Amino acid sequence: MSLAEQFAVSGSDIVTWQGRTVRAVLRMQVDGGDLLRVSRLTVNRERPQALKLAIDGGELEVSGTRAESIALWSTTAPRDVTIDIHADAPTTVDIWNGWSYGGVDQAWVGNAGLVAQPVDGGYTVQCSDGVGAVDFTDLVVRVDHVKR
Amino acid sequence: MTTTELLVFFAIAMLAIALLAIAVDWVGKPIRRRFMPKMYRFPEELGHAAPVDPSLTGWSDQYFVIPDELTTTGGHLLEWPDIDDVMLDDEVELVSPTIPEPAPAPFDYAADGDDELPSDEEDAASALPERGLGWQRGQYVYNLVGNGSEPSADIVRTRFWKNVSATDYAAVFGAVNVDRMSRGRPPRRRNPRTQRDESMRLAIASFEEVGGRPPKPAWPTVEIDPFDPSTP
């Protein structure tokens, strides 16, 4: 059973796979004025990988672009990216991974999932795309939360 | 009755039967048509639109790779009956499963839609890929339907998902979705942000409008790439 099927069967966004806690999405508590610093550590070069972020009730600003949800693609985004949080009240930022297969953007199917390990000031996020076997080295990023 | 009279009567009777057969053959086309059980026919060949998820509103790259054996004329996965052993009984013209397959692969998005159609109308028409008549799983989604008319958007959409279901990549969607796609319906996924299931969408434009390029599927949620030069 794939990770996506396990998420569906369990009715949860969190499942256990080979002793590891796997999430469909990582939620971080943020506030307006905070910063998220994303550093791409490793990436599967067989197909484009993306770290996707969306804020609930606010906007994310990256490189002059403001949007409710953004995708940092391994093919276009620089290795280190700073995201400004625009929000009037404390809220959450959802983080998940996607990939492109022949130009079609995918997420949350197959063996897609992520493992988030808390580190000082943030998380190391290890992502498995949905293609093939579970492999949490498809995309590995560090997300640092800089509070205002 | 003499022998001569008997022969004349027999000749007249045979002539009448022959004329009747010719008339029936001329008027009643069905007598020459071959029967094909409904279970072997695709929706478009039944003369009505295929069932399509009503939630689809439309939209539309090379990730779906049709196995070589499916892009040939064999179509073994379909187990199409031997066309010489069956009869059609409706208004659909007999469609041979050995129709040459047009050049474009069903899911070739290598150009990713960036190709511009030739500006000259005549060039644009000549640049369109050649289409076959009728369709089997693995064949070009814009093939004309059996009676030679344009396939409707629902038919193209149904063909597309059936084709995807026959690709190696389909497995990423899971067994339930492969079954859905094999019936011409789009795959679904659980969106953990909305806690709702959502279907993949497929915008279908006319064959001429897209220059024969196959449609491109996408999920309802789209995130902006701030580093994409085309992002406003």
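Where does Arg131(B) lie? In this predicted model, Arg131(B) sits in the loop between α3 and α4 of chain B. With 19 C-beta neighbours inside 10 Å, Arg131(B) counts as partly exposed, because a residue is buried only from 20 or more such neighbours. Tyr142(B) belongs to the loop between α3 (121-127) and α4 (153-165) of chain B. Tyr142(B) has 28 other C-beta atoms within 10 Å and is therefore buried. Arg131(B) and Tyr142(B) are 11 residues apart in sequence. Their C-alpha atoms are 7.0 Å apart in space.

Beyond its neighbours within four places in sequence, Tyr142(B) is in contact with Arg131(B), Pro151(B), Val156(B), Phe207(B) and Gly212(B). Val156(B) is 14 residues from Tyr142(B) along the chain. The C-alpha atoms of this pair are separated by 6.3 Å.

Val156(B) is also one of the buried residues of α4(B). This helix has 13 residues. From first C-alpha to last, α4(B) reaches 18 Å, close to the 18 Å expected at 1.5 Å a residue. Of its 13 residues, 11 are buried, so α4(B) is largely enclosed by the rest of the structure. The buried set includes Ile155(B), Phe160(B), Trp161(B) and Val164(B). The packing partners of the buried residues of α4(B) are α5 (175-182) and β3 (201-202) of chain B.

Attention turns to the nonpolar cores. The largest has 49 residues. Within this core, Val38(A), Leu51(A), Leu53(A), Leu72(A), Ile83(A), Ile95(A) and Val125(A) touch the most other members. Leaving out residues up to four places away in sequence, Leu53(A) touches Leu60(A), Ser69(A), Ile70(A), Ile83(A), Val93(A), Asp94(A) and Ile95(A). A second, separate core holds 15 residues. Val141(B), Leu202(B), Ile204(B) and Trp219(B) are included in this second core.

Strand pairing in chain A was examined around β4(A). Strand β4 (residues 35-43) runs antiparallel to strand β9 (residues 80-86) of chain A, and 5 bridges join them. Here Arg37(A) stands opposite Thr82(A) in β9(A). β4(A) also pairs with strand β14 (residues 139-146) of chain A, in the antiparallel sense and over 8 bridges. In that pairing, Val38(A) stands opposite Val143(A) in β14(A). Val38(A) is also among the residues that touch the most other members of the largest nonpolar core.

The two chains meet in a contact that takes 31 residues from chain A and 25 residues from chain B. On the side of chain A, the elements that give two or more residues are α1 (3-10), β5 (49-55), β7 (65-67), β8 (69-73), β10 (91-101) and β11 (104-106). By class, this side has 17 nonpolar, 9 polar and 5 charged residues.

Confidence scores complete the description. The model scores ipTM 0.94 and pTM 0.69. Chain B averages a pLDDT of 69, and 57% of its residues score at least 70. Over residues 30-108 of chain B, the pLDDT is below 50. Beyond near neighbours in sequence, this stretch has 164 contacts in the model. The pLDDT is also below 50 over residues 110-118 of chain B. Beyond near neighbours in sequence, residues 110-118 have 11 contacts in the model.

Conventions:
Residues are numbered from 1 along each chain as its sequence is written. Chains are lettered from A and ligands numbered from 1 in the order in which they are written. This is a predicted model: local features need pLDDT of at least 70, side-chain atom pairs count only at pLDDT 80 or more; totals for chains, interfaces and linings use all residues. Two residues are in contact if their C-beta atoms, placed from the backbone, lie within 7 Å. Helices (H or I, at least four residues) and strands (E, at least two) are DSSP runs, numbered from the N terminus. Ala, Val, Leu, Ile, Met, Phe, Trp, Tyr, Cys and Pro count as nonpolar, Asp, Glu, Lys and Arg as charged, and the others, Gly among them, as polar. A residue is buried if 20 or more other C-beta atoms lie within 10 Å of its own, exposed if 12 or fewer, and partly exposed in between; C-beta atoms are placed from the backbone. The expected span of a helix is 1.5 Å times one less than its number of residues. A nonpolar core is a set of buried Ala, Val, Leu, Ile, Met, Phe, Trp, Tyr and Cys residues joined through C-beta atoms within 7 Å. Two strands pair if DSSP finds at least two bridges between them. pLDDT is the predictor's confidence in each residue, from 0 to 100.
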